[in-house]
Amino acid sequence: LLILNIISTISFALFITAVDAFSAPKLATVDEFVLIGLVSDITTVALPELLSATTFSVGSNASVTSVSAPKLVATTENFNVSANALLTSITFTALATVGGDFTVADNPELPCADAVALAAQASITGATDTTGNNNCL
């Protein structure tokens, strides 16, 4: 378990590391990007206080099953949750605005309805991709 106890940062990236869960319980703002990718053992990504980021991306993680940032209201650029082979749960209850492309795709265990519902709740400036999820065409 990796716990990051900061409130604000310019950017955050987690790549190719041995960690089974990641949480940043106090992180509220990220001026640039949140990138979590190619982390083979991670099962949970939890950012319970995150309100905004320029770009949010969780992708290509072999074991992640859950990604949550329930207070994330907006990304000024892209929002991406893709190519997570075991992902079954996404929680972005407050997501209202994506200033670029929205991609929740190629997560074969994630119900298609979850990806489509998340896209429908947000105002998206760019392209929308929800293909490759469970039961999505």
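1. Which residues does phenylalanine 79 touch, not counting residues up to four places away in sequence? With contact taken as heavy atoms within 4.5 Å, phenylalanine 79 touches Phe56, Leu72, Phe92, Leu95, Val98, Asp101, Phe102, Thr103, Val104 and Leu118.

2. This is a predicted model, in which local features need pLDDT of at least 70 and side-chain atom pairs count only at pLDDT 80 or more, while totals for chains, interfaces and linings use all residues. Residues are numbered from 1 along each chain as its sequence is written, and side-chain values use heavy atoms, leaving out hydrogens and water.

3. Phe79 is listed with Leu47, Phe56 and Phe92 as having the most contacts inside the largest nonpolar core, which has 34 residues. Such a core is a set of buried (under 20% relative accessible area, 1.4 Å probe, protein chains only) Ala, Val, Leu, Ile, Met, Phe, Trp, Tyr and Cys residues joined through side-chain atoms within 4.5 Å.

4. Four aromatic pairs are found in the whole structure, a pair being rings of Phe, Tyr or Trp (its six-membered ring) with centres within 6.5 Å, stacked if the planes are under 30 degrees apart, edge-to-face if over 60 and tilted otherwise. Phenylalanine 79 and phenylalanine 92 form an edge-to-face pair, at 5.0 Å centre to centre and 85° between the planes.

5. The rings of phenylalanine 79 and phenylalanine 102 have centres 5.4 Å apart and planes at 10°, so this pair is stacked. Both phenylalanine 79 and phenylalanine 102 are buried, and ring pairs link Phe56, Phe79, Phe92 and Phe102 into a cluster.

How values were computed. Buried means under 20% relative accessible area, exposed over 50%, partly exposed in between (1.4 Å probe, protein chains only).
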